Amino acid sequence: MIPQDFIDQLLSRVDIVDVVDRYVPLKRGGQNYMACCPFHKEKSPSFTVSPSKQFYHCFGCGAHGSAIGFVMEYQGIGFIDAVKMLAEGIGMQVPNERNVNPEASRKAREKQVSLEQLMQQASDFYRRELKGAANAVAYCKGRGLSGEVAARFGLGYSPDGWQNLEAAVDNYQDDKLVEAGLVIVAEDSGRRYDRFRDRLMFPIRNQRGAIVGFGGRVLGKGEPKYLNSPETPLFEKGRELYGLYEGRQAIRDKNRVLVVEGYMDVVALAQYGVGYAVATLGTATTGEHVRKLLKHAEQVYFCFDGDAAGQKAAWRALENSLPQLVDGKALNFLFLPTEHDPDSYVREFGADAFEQLLVQESLPLSVYFTRELCRGVNLGTPEGKADLIRQASPLLAQIAAPALGYMIRKRLAEMAGVDVDELDMLTGGGKPQRSERGSRGGGKREYRLPAESQRVVNTTMVKKLIKWLLMNPQWAGDVKLPDSLALSDELGCFAMLAERVLEHGDVPNTAQLIEGLRGTPYEGLIDGVLQQAMQDPDEFADPSDDDRQLFQDGNVKLLKMLHAEQLERLKLKDRHEGLTPEEKVLMGQLLREMFSPSN
């Protein structure tokens, strides 16, 4: 049996949009992605994939589930095989339950939560310190930053001194401070001191909004100019992007994301209304960065300085992008004049001019790719053309987007004076065609409409609350149920869901919550709730404040109903056989609550 902790980790690492798109081409439709359902025949798309909930649902045939469930259904394989297939795709090793210590897994999760809490405490401390740091405030004002933007990005200040963080945490000797990268232990003396001192602090958040690292800019003279958190259990530079959490709404609105080189570039652009910028964290753009960016927008722009270092960084970004390319999504490269970076350009010319430059002067990846390959190559000679083919060969083999790859090969073939087939032969052949989709037996799968199920038209209040909680696990804190009442059936399921979310450490997404119920007595009830409730595509939209209020009101109403039921039972028992002392206390509490002014 595969441990539930591993399933949670797997579902936090894979992206259901990527998984489904390998089999069924998806198109963005608002906040979600759409396609014609692969599980029944239809002409207009009713198959919806939610990146925020990591869940799919067909509003035509009712098929739904997580990335694991989709692979099981599409490939016709079992749960364990589907988990292994997904895990292998991202380099995770599936553990065996017999080799896993549940207590160790629990402690690992608790440790992650405690590290995140320490990072938040440090961030709160730095933010408080910024208000009284004249040098840091002057620097921010000098860069034109408003208090609103500073607050949005959580900017702070780490005071000059060796152990200022001691005032922010319960125990400065806690080894987790070292593990989180906040404190350094001197090798010679064993003395502890703060990693960040006299720096403007930029907290780095993951996609959940948890702080996983910091970037600190020196305010006076000193090196390095920017100091980043080290690699920690929370923080991998090759996976995180500064500003992605803060810019998610602007990225969604523009369907565009801009990659720049520095923290201040991101903040300055946001100050001027360009809120869709992110920055790599002192490292080259990685394939994981590109994969993450392409999940969020169809247009990705890289902005680099025009000097030699900028050109080198741009080419490295292109190389790492090739295996991540997707037809229908575009990567573009903008090189600023040598005297400017994004920060200085937007200050001098304004946001409109910057965005105009971005759209009109950026080079599409295909143009930049062929331009750079031809740079320094003499295409007037057979030797030069042969050299072009030699240099292109390993790069062409990495391009994952079939249509774009063909167009690039076609362009290079024209420049080399050969046709595409000849180029493919000279470069070792095109990418092998994917085998026809099919079952493990090799034949083409046939998809049939599932047998019509008996659906209840109106769900109960509890089932509606269950549905809301499944789709919005972050609302679990609103659930209040009486401790003194034995809960079963739908009520028991509702209470168990809320408890699982609150015990999870971080808020699970819908897919993780549902997969945690696979094989439990509640699996059938959950499936029935989703089948009955998921009739409207609006169910996949992000909830509004009104939706949250309805959920809260429903919980209040449910609690009152349960208390009234308890009270009636106690009254009945009191008339016939009398109450125990504990039951009398409970009855008094219920009566006071029922007749309190707030009810």
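**Notes on the predicted model**

1. In the hairpin of E4 and E5, five residues lie between the strands, and glycine 62 has a positive phi near 90°. Strands (E, at least two residues) and helices (H or I, at least four residues) are DSSP runs, numbered from the N terminus. Two bridges join E4 to strand E5 (residues 64-65), and the two run antiparallel; strands pair if DSSP finds at least two bridges between them. Tyrosine 56 has glycine 65 in E5 as its bridge partner.

2. The model is predicted: local features need pLDDT of at least 70, side-chain atom pairs count only at pLDDT 80 or more, and totals for chains, interfaces and linings use all residues. Residues are numbered from 1 along each chain as its sequence is written, and side-chain values use heavy atoms, with hydrogens and water left out.

3. Strand E4 also pairs with strand E3 (residues 47-50): four bridges join them, in antiparallel fashion. Serine 50 stands opposite phenylalanine 55 in E4. The hairpin of E3 and E4 has four residues between the strands, and glutamine 54 there takes a positive phi near 55°.

4. Which way do the side chains of strand E4 (residues 55-58) point? Phe55 and His57 point one way, Tyr56 and Cys58 the other way, and all are buried. Buried means under 20% relative accessible area, exposed over 50%, and partly exposed in between (1.4 Å probe, protein chains only).

5. The chain as a whole may be summarised next. Its secondary structure comes to 24 helices and 16 strands. Of its 599 residues, 49% are buried. Among the contacts (heavy atoms within 4.5 Å) with a separation of 6 or more, 68% are between residues 24 or more positions apart. The chain exposes about 29,900 Å², of which carbon and sulfur atoms supply 49%; accessible areas come from the Shrake-Rupley method with a 1.4 Å probe, and for residues only the protein chains shown count as cover.

6. An open sheet is formed by four strands in the order E6-E9-E10-E11, with antiparallel pairing. Strands E6 (156-158) and E11 (226-228) stand at the edges with a single partner strand each, so one side of each has no neighbour in the sheet. From one strand to the next, the twist averages 35°.

7. Within this sheet, seven bridges join strand E9 (residues 199-205) to strand E10 (residues 211-218), and these run antiparallel. Arginine 199 has valine 218 in E10 as its bridge partner. Helix H10 (residues 263-271) packs on the sheet and touches E9, E10 and E11, its direction making about 80° with that of E9. For such angles, axes are lines fitted to C-alpha atoms, for helices over the stretch in contact, and angles run from 0 to 180 degrees between N-to-C directions.

8. Is threonine 280 buried or exposed? Threonine 280 is buried, at a relative accessible area of 11%, and is found in the loop between strand E13 (277-279) and helix H11 (287-296). Not counting residues up to four places away in sequence, threonine 280 touches Leu241, Val259, Val260, Glu261, Thr285 and His289. A polar atom of its side chain lies 3.3 Å from the backbone oxygen of threonine 283.

9. Serine 393 has its place in helix H16 (residues 382-396). With 19% relative accessibility, serine 393 counts as buried. Its side chain reaches the backbone oxygen of threonine 427 at 3.3 Å.

Terms used: A polar contact is a pair of N or O atoms within 3.5 Å; within protein, one must be able to donate a hydrogen and the other to accept it, and residues adjacent in sequence count only if both atoms are side-chain atoms.
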